[in-house]
Amino acid sequence: IIAGSFGEVLKVVQKTLSKHPRRVPGKLVIEGRVCYYADLHSFYHQAVQIFGQRLYDFRTSNCRPTIVDCGAHIGLASLFFATRFPESTIYAFEADPGISRLLQANVEAYGMSQVTVETKAVWVHDRGVSFSATGDDSGFVRESGQVQTGSCRLRDFLQGKSVDLLKM
């Protein structure tokens, strides 16, 4: 298990990433907390974009923003938002049931009480969808996917909410 500060973990992963097979779940220990991943390659590239390049950084005058994270995967964007805006309300949607379990475990491990995890696809209806679970961050809704999962009609979910960021 790779352990250390966030920066130390990323450096080790960067150096050894080519030796790790794709789509093999595991865990890292970052600053004393377990972080579960579904695919180390997806974790690394998301971490670099989200925390290093600050891909999802945004400004708001609202100190308690409402954020909807569609396709939350294991929760790195939600962790970024929760750290940046500790008083925020975050809805994290992940359609892949297996990855959603990792998302929930990470939310609990990092004490993100402002994050609500929804194991659903954000879609155009709420009748459920067929999902192709790829074991990494590229799963997708398809007519004949191997997993049936719930869905949430985005329009209905957003109705009556003041949303500061919709990440899709």
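Below are a few exercises on this predicted model, each with a worked solution.

Local features need pLDDT of at least 70 and side-chain atom pairs count only at pLDDT 80 or more, while totals for chains, interfaces and linings use all residues. Residues are numbered from 1 along each chain as its sequence is written, and side-chain values use heavy atoms, with hydrogens and water left out.

**Exercise 1. Find the strand order of the sheet that contains β7, and say which strands stand at its edges.**

Solution. Start with the terms: helices (H or I, at least four residues) and strands (E, at least two) are DSSP runs, numbered from the N terminus. Two strands pair if DSSP finds at least two bridges between them.

Step 1. The order is β7-β10-β8-β9, an open sheet of four strands with mixed pairing.
Step 2. β7 (120-123) and β9 (140-141) each have a single partner strand, so one side of each is left without a neighbour in the sheet.
Step 3. Look at one pair: β8 (residues 129-132) joins β9 through two bridges, in the antiparallel sense. Here Ser132 stands opposite Phe140 of β9.

**Exercise 2. Work out how β1, β2 and β3 are arranged.**

Solution. Step 1. These three strands make an open sheet in the order β1-β2-β3, again with mixed pairing.
Step 1. β1 (3-4) and β3 are the edge strands, each pairing on one side only.
Step 2. Two bridges link β1 and β2 in the parallel sense, and Gly4 has Ile30 of β2 as its bridge partner.

**Exercise 3. Describe the largest nonpolar core and the elements that supply it.**

Solution. A nonpolar core is a set of buried Ala, Val, Leu, Ile, Met, Phe, Trp, Tyr and Cys residues joined through side-chain atoms within 4.5 Å. Buried means under 20% relative accessible area, exposed over 50%, and partly exposed in between (1.4 Å probe, protein chains only).

Step 1. The largest core holds 38 residues, and Val13, Leu28, Ile30, Phe43 and Phe81 have the most contacts inside it.
Step 2. Among the elements that supply at least two residues each are α1 (6-16), β2 (26-30), α2 (40-52) and α3 (76-84). The largest share, six residues, comes from α3.
Step 3. Zoom in on Val13: leaving out residues up to four places away in sequence, Val13 touches Ile2, Leu28, Leu40 and Tyr44 (contact means heavy atoms within 4.5 Å).
Step 4. Look for a second core: a separate one of eight residues includes Val68, Phe93, Leu154 and Phe157.

**Exercise 4. Is β5 largely enclosed or left open, and which strand is joined to β5 by five bridges?**

Solution. Step 1. Four of the five residues of β5 are buried, so β5 is largely enclosed by the rest of the structure.
Step 1. The strand is β4 (residues 66-70), which runs parallel to β5.

**Exercise 5. Which elements do the buried residues of α2 pack against?**

Solution. Step 1. List the buried residues of α2: Leu40, His41, Ser42, Phe43, Tyr44, Gln46, Ala47 and Ile50.
Step 1. They pack against α1, β2, β3 and α3.
Step 2. Go past the helix end: Arg54 follows α2 with a positive phi, near 55 degrees.

**Exercise 6. Is Gly160 buried or exposed?**

Solution. Step 1. Locate Gly160 in the loop between α5 (154-158) and β11 (165-167).
Step 1. Its relative accessible area is 80%, so Gly160 is exposed.
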